[in-house]
Structures are given as structure tokens and as C-alpha cells.
Amino acid sequence: MALLQISEPGQSPQPHQRKNAVGIDLGTTNSLVATVRSGSEVILPDEQGRDLLPSVVHYESEGVSCVGYEAAEHNSSDPLNTLSSVKRLLGRGVADIKTLGDSLPYEFTTDDGGMPKINTVYGAVSPIQVSSEILRKLAGRAELTLGGMLDGAVITVPAYFDDAQRQATKDAATLAGIKVLRLLNEPTAAAIAYGLDAEEFDDESHQRTIAVYDLGGGTFDISILRLSKGVFEVLATGGNSALGGDDFDHAIANWLRTELDMGETLDVYEQRVLLEVAKSTKEELSINNQVELDILDTRLVLTRDCMHQLIDDLIEQTLTACKRSIRDANIKADSIDEVVLVGGSTRMPRVAAKVSELFGLEPKCTIDPDLVVAMGAAKQADVLVGNNSTADMLLLDVIPLSLGIETMGGLTEKIIHRNTTIPVAKAQEFTTFKDGQTAMSIHVVQGDRELVSDCRSLARFELRGIPPMVAGSAKIQVSYQVDADGLLNVSARELSSGVESRIEVKPSYGLSDTEITQMLQDSFSHARDDMRLRALREQQVEADRMLEDLRAAIEKDGQSLLDDSELQCLQVTLDELKQLRDNTDDHRQLAAQIEVVGKTSEEFAARRMDASIKQALAGLSLDDALK
Amino acid sequence: MNNSKNFFEIFSLAVAWEVDFEQLDIKFRTLQKALHPDRYANKNDFEKRLAVQTAATINQAYETIKNPLSRAQYLLELEDLDASQETHITSDGQFLMDQMLLREALAEIRGSENAKEALVSLSIEAQQTAAKIQSEFASQYQQKAYNEAFESLAKMQFAIKFIDDINELEAELEDL
């Protein structure tokens, strides 16, 4: 038997070298980046020591002029080119803008593909582009602090985000050159930040049920989770991805408009000013019982009680969603052990009081509600990237909205129900309804309503080439697969002929892969060498990861799972990869060899996975036997 | 994952109606801890895909066994009998009559004064009916009386749909 040389002395990538992993909370109002340092999560502040980055981007004619606090300063002086709260537009279609647009004082254009864009002096920009600027800024902050390229990031999304909104978030990260380890639901991230440190989980049988109430600037989530030692199981989630503190501001701004007799239509400057006054009034009323205002030569007084009348309906909507989630979780409200408050809007005493009343519990907010999501995301990023192999953590999350297909008469047939644990794969059979029908169009929708028109349309595609048959005799299997990010893949197959059509669900108003590649290239076009260098560096990181990974795998399982020739074949391709890694500066060549190694190791990977299933259960029976 | 395994084998459980749910939970979590895509986040695309598929199969197996209706269907499918939802109906006239009466009772509750209390007692009755049908299925399945088992499966669908409708009305009343 050939003796295997696992690695040349001194040249193996150091397995214990820490990787740069961060958690990013891309918020409606503020965004943050956090990492794990010496075992605990820390927010990475900017050079002035500020944790938050306002989610604001200011454009000038040459492009982005600034992001964050600096950009926010242009809010009233240059409102049309100062973009804030764009998260509300992320993954939205033109129709949504009509309902949301009123509250967002921008000029929209929808010239291509149906994705709304915002007109600025620089040109029309998509919400994905704007979000990517915020992400790029945060990634830059992290790279500077951590001293090197990021190996990966966990980016949080509202649990109630649909497929289009999740995809848009992921596209924004790709556009910013960030490797996304996982999209993580915000309430789940908060639960991680709170839950992992809890001492009471030492006992395997001890379980706790917690509710995470997350009211941010533009989104609301409620998640009910069951926590037991290291396992975070989401039982149900609900919410509203277009309800948040912004809406409180608008309610107060409307009141101001009426009180000030300003008429129905305001220009963008007036709108911005009113919103800013409304926002600061809201914040002041969290501390004081009343606020005196002096605007447009008018003195106004707003009391706390009066504000409550303006916003109570909105809070009530969140409570209804809470009740529904409790029912979906199939538990009773009084079996919830703890309620956690997350998101800046939970700082309002009225919100906390209403939540407390509903659950009959004093809510917990020992971690700053603005920071907790980023901290939980950092914790998961650290585990996912491989820095913390001892963390015995498992997240079982769910999809927030049912996934379905359009059937006859504009009705939705659900294929995957809301609150199903992900990842999940489900298939359903359909048939043709006309003699000789050779094509079938498939309309993928998301939502819980009966009518397709009330659901979110995710994608349309067509299965062609069905052999002509009598109506009803074709068997068309439509398969839905949702991955751990909550992203959907759909494929359709005619079973008797094997004709197949597959689609990665890319919403019609999202970006195509080629568009993303093009935009990425454009962003580097002024520095071609930069781009090449970055691409090379990325492939080198990938090559190192692969070498380290496969060498460890061969050492562990090579002898038992591969025969001599398989082992040798794999070893040869690995050696070639190592050669290229050290000698080439052509990133395409390196990428090609990575592909070769990937292909060669597929069978090995599959066998290892089967082996680990056996091993996991065998370990369990041993535990049982020892009990 | 090895596709020849049935859902029970995935958890090393015997193919049977009776399930030790505590064992199922422990094994489910153990498997997911080892195979969840989070464990493969740092691997190459092929391994990531494999992990998604495997974890999805484990989730589906877990759900199928946990839910009595899908478990009953699956047990019959394992006997090579087509248990997909539309193919069987019950011919038990008395059962159908009872179901009609129950549905009428539910419809009347909607407008009534003490709706919540009435709903609770109807819910208890419905749960008892469902439990009875399930135990009938269990013994028919065990005796390989598959025709009768199909009949029970059809009844189970009625009973569980009815419980769903009760829950829906309960939700409606709560939101008012």
C-alpha cells in the first residue's frame, strides 16, 4: 500500500489559523457589523468609535459620495439624492412601490425589467445597488479592523422576508464582493445572542420556549423558538415586512401635516422635514410625557397619550401577528417562558407595555436591542467559517410564507406550507388538460392567500417538449427545494419522457447573474489589476480551504472509504492544485483545477456523508447503552 | 443519502404505527447536528448541495413520521399500496352522517353567544374521534387488513380536516 504524504512540512495551511468572519445586520435605519473576538461577540465600530452605520447613501453626479452619518447630513438639503430606508424596497416589484412609494419621497423609474429604480443625479440606481454600498462600507470597516480579507459573512434578514427579498439581499452582498455564509433570520440571530450563554441548558432534557418580538425601522418579526442544549428550533414565525418604526414616524408626520394645515400634497423637502420632526418627537416622547414643537410659526403640543392614539393601531397589528404565530407554533401563550425585545422601535415604552400585556411576562432586553442581531450573526458566522468547532449549535429555521403554484382559475395550490422546517424539498404531480398539449407554464407564488393575485409572484417558467398525449395522461412533477437560506429552487419534469426544466427562482424584478457580474466588473473597471488580484486572492483562499479540507478528510477516511486507485487519483489532482496554488498568477487556471478537484472528490464526499449518518446514530446507541 | 432507506430506517426505527417520539426527536436532532447545511457552509458547492438534499430528506422523514395522517399514508405506501390523498373514500354511512352533524354544529357556533365554550367542547369531541380512528387504523394495519386500513385513512382525513377547521374558527374568534 502506498504511503500517503499528507502535506509537506511547514507548507500546510495552518489549520488553527483564525478566519475573518463577521455578522452583518443590514437594517432599514441602521446597519452594523460584528465579529467574535476571544470567544465573545463584539461590534466593530468606525474610526470615531460609533457602532451604528446609518443605512443612508448619498449620490452625486460621479457616483456615491458618502455612506452613513456623513450621508445622513444631506437628508434635508439634498433629499432626492440621499437614499435611506431602501431596505423597504429591496426585492419589491413595481406594484409594491405604488403602495409603499407614497411614504418614500423619491422619484422612481421602472424602465427595464420591472425592478423599480430610484432616480438620482448619478442616474437610476436599484435598491440592491444602494444596499450593496452599505454592505461594502461595513465590510471595509471589518477588513480594516481585522486586518485582512473577509472569509465570509452571515447577513441577517427579517424572518418574514419572502424569497424575492432574500434573493435581493444576497445579490447585494455578492455585488459588494462579500462571501455569504448564510442568510440568517433576525429573530433567530437574537435568540443565538441570548441563548447560547444560558447556563440552564446544561441539562439535556431542559427546554425553554421563547418569543422574540423584533420591531425595527421598517420590518416586524415575531418568532417562537424552542431552545434546548445548543438547539434553536423555530416553531413558528410571522410578521410584516412593511411595518416598523418608520410607520410610526409617518403617522406622527400626518398628524403634524393636518395640524399645520399643510394640505394633501407636500414636496419632498417638506416631507423630509416633517418626517425628521416626527422622528425626534417620537424619540422624545419615549422619555418625556409631552413635547412642545415650534414649526412654521406654529406652536404645537403632542402628549404621549395623544401619540398613542396615532400609533396604537400599528402596534395592534403586531400583536395580531403574535397571536397567529403562537397558534401556528401549536402552543398556549402561557407556556412561553420568556419574551425578548429586539429592534430599535422596542425602546418605545408603549410597545414594551403592549407586548408585556399580551404575553403576561416582563420582556427581556438585557442586550442592546440595536446590537443584538449583529452579535448573534457574528456568533453563527464564527461557527460556520470553522473557527469554533466545539460549538454544539444547531439552528432549525422555518419558511415564513407558504410556497405554491398557480392552478386553474387563478387559485394557489400550496406545495410547502408556512412554518415548515428548512431545508425542505417537496414534489407534486400535475397533468395536462388538453389533448396533445406539449408545454406547460408554471407560475411560482409565495403567500398564504387562496387567490394567486393576493400572493407574491416569484417566477414564471415553461416546461416544453412534453410528448403529445391525451389530456390528463402526462405526469408533470414539479419539485420545490428551499435551502438553509430560505431560498427556493424549482424544477419541473415530465415523468414518462424525462423532459426537464429547471429554474433558480430569480424574481422578474431582481438582478440576473450576468447583470451582477457586469456590475461587479464595472465597479472594478478603474482598476483592472485590482480586480485580477482580488480574483486571484479569492481563488487562492478557496484552494487553501480545499487542500486543508481534503487532506484532513483523506487522513481520516481515505483508507476506509476509498480504494487505492481512487485514493491515488484524488491525491494526484490535489498535488496539481497545490502546485498551481503556489506558482500561478492566473486565477482562471486555478479556478479550473479547483473544479477538477471538486469533481474528483464528489464520490468521496457522498460516501463521507453516508458514513457520518451511520456514525451519528452509532454514537447515539452507544450513549443509550451507557445510560 | 442512501436513497434505498425508508423514512423509518433513516432514524433506525422499526417500521410501525407506534413510534417512540422521544427517541425520534433525539435521533432527528443528532442527525441534523451532524448533517445540517450549517456544518457544510465552508465546503465546496457539491458538498453544500448534498447537505441541503440530505437535511431536506431528514426533515421530510421526521415530519412524515411525526404527523399521524402522513404516517398512516406512508405506512400503506411502504406496502406498495397507493395511499395518495384522492384515491379512497369511506362508505361508512354512519360515519359520514356523524361528520355532517359535527359540521352543522360547527356552523352554528359561528354566530352563537357562548361560541368559545362551545368550540372547546366540540374540539374535545373531535380529538376523541380522531384518536379512536387512529387506534382502529393501528390494529387494521397490524393485521394487514389493508382495505379496512384505507377506510380508516379516509376517515382520518375527515377528522383531521375538521380539527383544522375548528382551529381556524378559534383563530377567527380570537382576532375579533
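User: What do the buried residues of α9(A) pack against?
Analyst: They pack against β13 (208-215), α8 and β18 (338-342) of chain A; packing here is contact, that is, C-beta atoms placed from the backbone lie within 7 Å. This is a predicted model, in which local features need pLDDT of at least 70 and side-chain atom pairs pLDDT 80 or more, while totals for chains, interfaces and linings use all residues. Residues are numbered from 1 along each chain as its sequence is written, with chains lettered from A and ligands numbered from 1 in the order written.

User: Which residues of α9(A) are called buried?
Analyst: In α9 (residues 349-359) of chain A, they are V351(A), A352(A) and V355(A). Because 20 or more other C-beta atoms lie within 10 Å of the C-beta of each, all three meet the definition.

User: What puts these residues on the same side of α9(A)?
Analyst: Their arc around the axis is only 95°, taken from the directions from helix axis to C-beta atoms.

User: What makes β23 and β24 of chain A a pair?
Analyst: A pair needs at least two DSSP bridges; β23 (residues 440-446) and β24(A) have 7, in the antiparallel sense, so they qualify. H443(A), for one, has R460(A) in β24(A) as its bridge partner.

User: How many residues of chain A are in contact with chain B?
Analyst: There are 34, facing 32 residues of chain B. The largest share of the chain A side, 10 residues, comes from α15(A).

Note on methods:
Contact = placed C-beta atoms within 7 Å. Helix = DSSP H or I, 4+ residues; strand = E, 2+ residues; numbered from the N terminus. Buried ≥ 20, exposed ≤ 12 C-beta atoms within 10 Å, placed from the backbone.
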